Amino acid sequence: MKVQLEKEIVLLNGNKIPDAGGKNMTVKDAIITALTAAESDQKITGEQKFKRYNMAQKISTMKSEGELTAEEITEIKKRIGEVYAMPEVIGFVFNTLEGN
């Protein structure tokens, strides 16, 4: 499925989320952060971490739009839900992953 990776995340109030450098957070940024974030529960294997790293690396090389498999989207959604506390970020990224 094609995903718009360079979409800037927009909160319900219309604001965007700037990073430390002042650049607005994109769906791509959120995905890479989620895939590479440290686990709070260290029961994940090295092989699973390596798989996530490879997926993050693949996404980091994509331009404004990227092709992701259903399996990749499922893993990304799982990690987004685990890493981000703000429902607005989760909802925006999920909607983008689902083509909305």
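Biologist: Which element gives the largest share of the lining of the largest pocket?

Modeller: That is α3, with five residues. Keep in mind that this is a predicted model. The pocket holds about 180 Å³ of space, and the elements that give two or more residues to its lining are α2 (46-60) and α3 (70-83).

Biologist: How many nonpolar, polar and charged residues does the lining of the largest pocket have?

Modeller: Two are nonpolar, two polar and seven charged. Among the lining residues are Glu39, Arg52, Lys78 and Glu82.

Biologist: Is Arg79 buried or exposed?

Modeller: Buried means under 20% relative accessible area. Arg79 has 2%, so Arg79 is buried, whereas Glu82, at 45%, is partly exposed.

Biologist: Which parts does the pair of Lys58 and Glu72 tie together?

Modeller: Their side chains meet in a salt bridge at 2.8 Å, N to O. Lys58 lies in helix α2 and Glu72 in helix α3, so the pair ties together parts 14 residues apart in sequence.

Biologist: And what do the buried residues of α1 pack against?

Modeller: They pack against β1 (2-4), α2, α3 and α4 (87-97). In α1 (residues 27-36), Val27, Lys28, Ala30, Ile31, Ala34 and Leu35 are buried. They sit on the same side of α1 because they cover an arc of only 165 degrees around the axis.

Notes
Residues are numbered from 1 along each chain as its sequence is written. This is a predicted model: local features need pLDDT of at least 70, side-chain atom pairs count only at pLDDT 80 or more; totals for chains, interfaces and linings use all residues. Side-chain values use heavy atoms; hydrogens and water are left out. On a 1 Å grid over the protein atoms alone, a cavity is a set of points where a 1.4 Å probe fits but cannot get out, and a pocket is an open set with protein on both sides within 12 Å along at least five of seven lines; lining residues have an atom within 4 Å of a point. Grid points are joined across faces, edges and corners, and a volume is the space filled by probe spheres set on the points. Helices (H or I, at least four residues) and strands (E, at least two) are DSSP runs, numbered from the N terminus. Ala, Val, Leu, Ile, Met, Phe, Trp, Tyr, Cys and Pro count as nonpolar, Asp, Glu, Lys and Arg as charged, and the others, Gly among them, as polar. Buried means under 20% relative accessible area, exposed over 50%, partly exposed in between (1.4 Å probe, protein chains only). The arc is that of the directions from the helix axis to the C-beta atoms. Contact means heavy atoms within 4.5 Å. A salt bridge is a side-chain nitrogen of Lys or Arg within 4 Å of a carboxyl oxygen of Asp or Glu.
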